[in-house]
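Subject: Handing over the structure, with notes

Dear colleague,

Here is the structure that I promised to pass on to you.

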Amino acid sequence: MRTEIEKIHYAEIDSTSTEAGKLVREQDVFERPILVSADRPNAGRGRQGKSFLSPEGGIYFTFAIPDALISGDYIGLTSFAALCVCESLEKFSSAVPKIKW
């Protein structure tokens with residue numbers, strides 16, 4: 001089964017996470033994933049609400065997935081997704097990606 005992903009990109013935004021959360025709450029039923037990306041978030045936040053700098057040239061996004069689309073234990077999903085993105089960037093570009101938690 002293939003699920004369509006709603007993709008929204010901004011040149012600049014306060015926080016991709018805040019925007020994704022707003023989009024999820026606006027839906028009557030959260031059924032399909034949402035990917036919110038930005039060239040430059042200007043009020044991004046990381047774990048435990050800590051702020052961080054988002055210089056241009058980075059990849060900034062939030063991927064919201066409905067629980068119904070995830071089977072099994074998904075505690076390690078964020079780490080797994082981050083590693084997959086890094087490995088793909090290394091394979092298909094000259095980038096040297098870093099994961100910032």
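This is a predicted model: local features need pLDDT of at least 70, side-chain atom pairs count only at pLDDT 80 or more; totals for chains, interfaces and linings use all residues.

Residues are numbered from 1 along each chain as its sequence is written, and side-chain values use heavy atoms, with hydrogens and water left out.

The overall picture

The protein chain holds two helices and three strands, and these come in the order β-α-β-β-α along the sequence. Here helices (H or I, at least four residues) and strands (E, at least two) are DSSP runs, numbered from the N terminus. Along the principal axes, the C-alpha atoms fill a box of roughly 35 × 30 × 25 Å. The accessible surface of the chain comes to about 7800 Å², with 53% of that surface belonging to carbon and sulfur atoms; these areas were computed by the Shrake-Rupley method with a 1.4 Å probe, and for residues only the protein chains shown count as cover.

Of the 101 residues in the chain, 23% count as buried, where buried means under 20% relative accessible area, exposed means over 50%, and partly exposed lies in between (1.4 Å probe, protein chains only). If one takes the contacts (heavy atoms within 4.5 Å) between residues at least 6 apart in sequence, 63% of them join residues at least 24 apart.

As for charge, there are 12 positive and 14 negative side chains, and the centres of the two sets lie 6 Å apart. In this count Lys and Arg are positive and Asp and Glu are negative, with His and the chain ends not counted, and the place of a charge is taken as NZ of Lys, CZ of Arg, CG of Asp or CD of Glu.

The core

The largest nonpolar core is made up of six residues, namely Ile-8, Ala-20, Leu-23, Ile-34, Val-36 and Ala-64. The elements that contribute two or more residues to this core are α1 (16-26) and β2 (34-41). By a nonpolar core I mean a set of buried Ala, Val, Leu, Ile, Met, Phe, Trp, Tyr and Cys residues joined through side-chain atoms within 4.5 Å. Leu-23, with its neighbours within four places in sequence left aside, is in contact with Ile-8, Ile-34 and Val-36.

The surroundings of Ser-37 and Thr-16

Ser-37 lies in strand β2 and counts as buried at 17% relative accessibility. Not counting residues up to four places away in sequence, Ser-37 touches Ile-8, His-9, Tyr-10, Thr-16, Tyr-60 and Phe-61. Thr-16, which lies in helix α1, is also buried, with a relative accessible area of 9%, and its contacts beyond four places in sequence include Val-36, Ala-38 and Thr-62. Ile-59, by contrast, sits in the loop between β2 and β3 (60-64) and counts as exposed at 54% relative accessibility, although its C-alpha atom is 7.8 Å from that of Ser-37, 22 residues apart in sequence.

The cysteines

How many disulfides are there? The count comes to zero, a disulfide being a pair of cysteine sulfur atoms within 2.5 Å. The sulfur of Cys-84 has its closest cysteine sulfur in Cys-86, but the two are 9.6 Å apart and therefore too far for a bond. Cys-84 is partly exposed, with a relative accessible area of 32%, whereas Cys-86 counts as buried at 11%.

The segment after α2

Pro-97 is placed in the segment after α2, and its C-alpha atom is separated by 5.7 Å from that of Cys-86, eleven residues apart along the chain. Leaving aside neighbours within four places in sequence, Pro-97 is in contact with Cys-86, Leu-89 and Glu-90. Ala-95, likewise in the segment after α2 (77-92), counts as partly exposed at 34% relative accessibility and, under the rule of leaving out neighbours within four places, is in contact with Leu-89 and Glu-90.

Strand β1

Finally, Glu-12 lies in strand β1 (residues 6-13) and, with neighbours within four places in sequence left aside, is in contact with Arg-40 and Asn-42.

With best wishes
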